[in-house]
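User: I'd like to talk through the pockets and the charged pairs in this one. Could you put it up so that we can go over it together?

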Amino acid sequence: HKGIQYLLEAAKLVVNKYPKTKFLIVGDGSYRYELEKLAKHLGVYSNTVFTGLLPANELLEAYLVADVFVLPSRHEGFGIVILEAMACGLPVIAFRTSAMQYIIKDGVSGLLVEPFDPSQLAKAIQRLISDRRLSKKLGRNSSKIVKEKYTWDVVVNKLEKIYGEIYV
């Protein structure tokens, strides 16, 4: 349900224009073998690194070496990984689905594209590759949004306020 197949299909289009682009796929699961097969079939396996699960310190390193974070989930309850990427100052790209459209401000902290469309996903990735100024601006804004809305202090204060309104 993370939609990595859409990212791999988009990767083919991106690599055609930017052949040195690397895609880092973090995580593991029963679908990994199929995704690796798909990457080979699409001709992007040499541009793709499948890391499997990473411990927290290596996950942080992965965020810090990335230029863009893409989460093409079909369904996402809240999107903690999006917030992690944003906290690291990455511009983010996601499908305009579920919680993503409420976390990401399109054109401000990241880019939202129509669901299940690898060509739109590829265009968004290419846009951020080609426009470094926009990419840096979105990354700065994404980090700022996380600090303003999603730190533990902010979330706890909001919850306390809600509980106070309900139980008073």
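Predicted model: local features only at pLDDT ≥ 70, side-chain atom pairs only at ≥ 80, totals over all residues.

User: What volume does the largest pocket have?

Analyst: The volume of the largest pocket comes to about 1200 Å³. Its lining is made up of 41 residues, and those closest to the centre are L24, I25, V26, F69 and V70.

User: And which elements give two or more residues to that lining?

Analyst: Among the helices these are helix 1 (4–17), helix 2 (32–42), helix 3 (56–65), helix 4 (80–87) and helix 6 (118–130), and they are joined by strand 1 (23–26), strand 2 (48–52) and strand 3 (69–71).

User: How does the lining of the largest pocket split by class?

Analyst: That lining has 24 nonpolar residues, together with 9 polar and 8 charged ones.

User: OK, what about the second largest pocket, which residues line it?

Analyst: The second largest pocket holds about 250 Å³ of space, and its lining consists of F78, I80, L83, E84, A87, V146, Y150, T151, W152 and V155. Helix 4 and helix 8 (152–167) each give two or more residues to this lining, with helix 4 giving the most, namely 4 residues. By class, the lining of the second largest pocket divides into 8 nonpolar, 1 polar and 1 charged.

User: Switching to charges: how many salt bridges does the structure hold?

Analyst: There are 6 salt bridges in the structure. One of them pairs D67 with R132, with an N to O distance of 3.8 Å. This pair links distant parts of the chain, since D67 sits in the loop between helix 3 and strand 3 while R132 belongs to helix 7 (residues 132–149), 65 residues apart.

User: Where do R96 and D106 lie?

Analyst: The side chains of R96 and D106 form a salt bridge at 3.6 Å, N to O. R96 is in the loop between strand 4 (92–95) and helix 5 (100–103), and D106 is in the loop between helix 5 and strand 5 (110–113), so their pairing ties together parts 10 residues apart in sequence.

Definitions and conventions:
Residues numbered from 1 in each chain as written. Heavy atoms only, no water. 1 Å grid on protein atoms, 1.4 Å probe; cavity = no way out; pocket = protein on both sides within 12 Å on 5 of 7 lines; lining within 4 Å. Points joined across faces, edges and corners; volume = space filled by probe spheres on them. Nonpolar A, V, L, I, M, F, W, Y, C, P; charged D, E, K, R; others polar. Salt bridge = Lys/Arg side-chain N within 4 Å of Asp/Glu carboxyl O.
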